[in-house]
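Please keep the structure open beside the text as you read.

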Amino acid sequence: MLTSPAAATLRRGESRTLQVQQPLLGKNLAQAAANRALFAERRLAVVNVLSSPGAGKTALLERTLGDLAGDLRCGVIVGDLATDNDALRLRRHGAPCLQITTGNVCHLEAQMIADALGEFDLAALDLLWIENVGNLVCPAGYDLGESARVVLLAATEGEDKPLKYPRIYKTADVVAFTKCDLVAAAEVNPALARQFVAQVAPQALWLEVSARSGLGLADWYAYIRRVCTAAKSGPSLAGVCR
Amino acid sequence: MHEAGLMQSALDMAALAAQSAGAARIRRIVLRVGPLACVDPAALRFAFEALRAGTLAEDAVLQIDEPAARCVCHACGTEFEPQLPAFVCPSCGVFAQHASAGTELELASVEIELAEEQPC
């Protein structure tokens with residue numbers, strides 16, 4: 001890559017330009033591709049869940065793990081800067097759960113996922129959830145090798161989060177409008193939020209859910225089952241589950 | 001984003017390329033950072049100043065090229081320059097998802113000074 005055919009000789013002190021053209025996130029992209037290949041070989045569905053802190057990732061996963069127990073065999077990797085509070089909450093629902101505490105790192109990287117996989121019996125799982133660090137900026141740029149990416153927008157956050165933080169919403173397969181039981185109390189307009197998502201992320205499936213009241217969860221579970229069915233069917237069907 | 005970590009990656013990649021080519025030092029590092037990459041060139045420069053001491057790039061110039069963003073409307077085919085947050089086609093008003101250019105975030109090239117005579 002870096003040497004050209006010997007035609008002349010450069011002397012000490014002379015300069016030369018090396019064409020590199022490698023992405024700065026190349027290491028993560030390569031590891032994400034390796035993760036994706038492993039997940040495909042294991043026919044394992046992997047869903048990366050992203051949102052700001054407090055938008056309801058853990059609550060949605062708790063409810064989902066409870067409701068899908070006996071139907072889908074789930075595992076969870078959960079990332080936070082500190083504490084294993086989320087893992088303790090999620091483990092109550094019987095799924096194997098690994099907490100990654102990142103210290104000061106504001107997102108999960110593909111290598112962290114690869115390192116965590118050894119803690120799971122992947123053959124005993126249909127679906128691996130990755131609850132990312134609560135952050136609407138940095139996790140957007142880090143592919144983890146997931147089959148689907150779900151970005152939450154809580155009713156309590158206001159309608160225009162997708163306009164303010166467009167990049168993460170642009171990467172979403174699904175935007176889940178969470179805490180929709182609080183729409184009236186938060187004086188938020190779901191139709192307007194949906195319109196903003198359609199502008200920023202026209203590819204994303206829009207779902208309105210409440211982990212507390214159960215509203216909209218049937219559609220959410222139907223989507224998750226499609227992701228799992230696609231993973232079971234093999235890589236050729238990847239991307240058809242939206 | 002984490003411009004310091006990205007700059008560290010760029011310095012590591014540049015040093016690896018330079019060493020493999022027998023460089024005594026790096027004169028110039030050229031990055032390509034598109035406007036849709038969500039990376040701040042000023043923060044990259046700040047990180048470069050903080051990180052370059054003691055490396056092959058200690059005296060190097062950091063050049064950051066910023067290619068224009070491009071998008072082709074999937075509905076009408078119009079090519080336009082998309083801007084965050086929404087990529088709105090100026091001809092038909094459709095919201096597009098993918099930009100064909102503008103998300104670049106890469107080490108483009110490294111200009112090195114050679115340590116010894118060698119074929120080029």
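The radius of gyration is taken over C-alpha atoms, and the globule rule is 2.2 Å times the number of residues to the power 0.38. By that rule a compact globule of 120 residues would come near 14 Å, but chain B has 18 Å. This is a predicted model, in which local features need pLDDT of at least 70, side-chain atom pairs count only at pLDDT 80 or more, and totals for chains, interfaces and linings use all residues. Residues are numbered from 1 along each chain as its sequence is written, chains are lettered from A, and side-chain values use heavy atoms, without hydrogens and water.

Some overall values for chain B:

| Property of chain B | Value |
|---|---|
| C-alpha box along the principal axes | roughly 60 × 35 × 15 Å |

Chain B has two helices and eight strands, as DSSP runs (helices H or I, at least four residues; strands E, at least two). From the N terminus, its elements follow the order α-β-α-β-β-β-β-β-β-β.

Where does H2(B) lie? H2(B) is in the segment before α1 (3-20) of chain B. Its relative accessible area is 16%, so H2(B) is buried. Leaving aside residues up to four places away in sequence, H2(B) touches C106(A), H107(A), C138(A) and Y142(A), where contact means heavy atoms within 4.5 Å.

In chain A, look for the open sheet of seven strands, with parallel pairing and the order β5-β4-β6-β3-β7-β8-β9; strands pair if DSSP finds at least two bridges between them. Its edge strands, β5 (97-101) and β9 (205-208) of chain A, each pair on one side only.

Key
Buried < 20%, exposed > 50% of the residue type's maximum accessible area, 1.4 Å probe, protein only.
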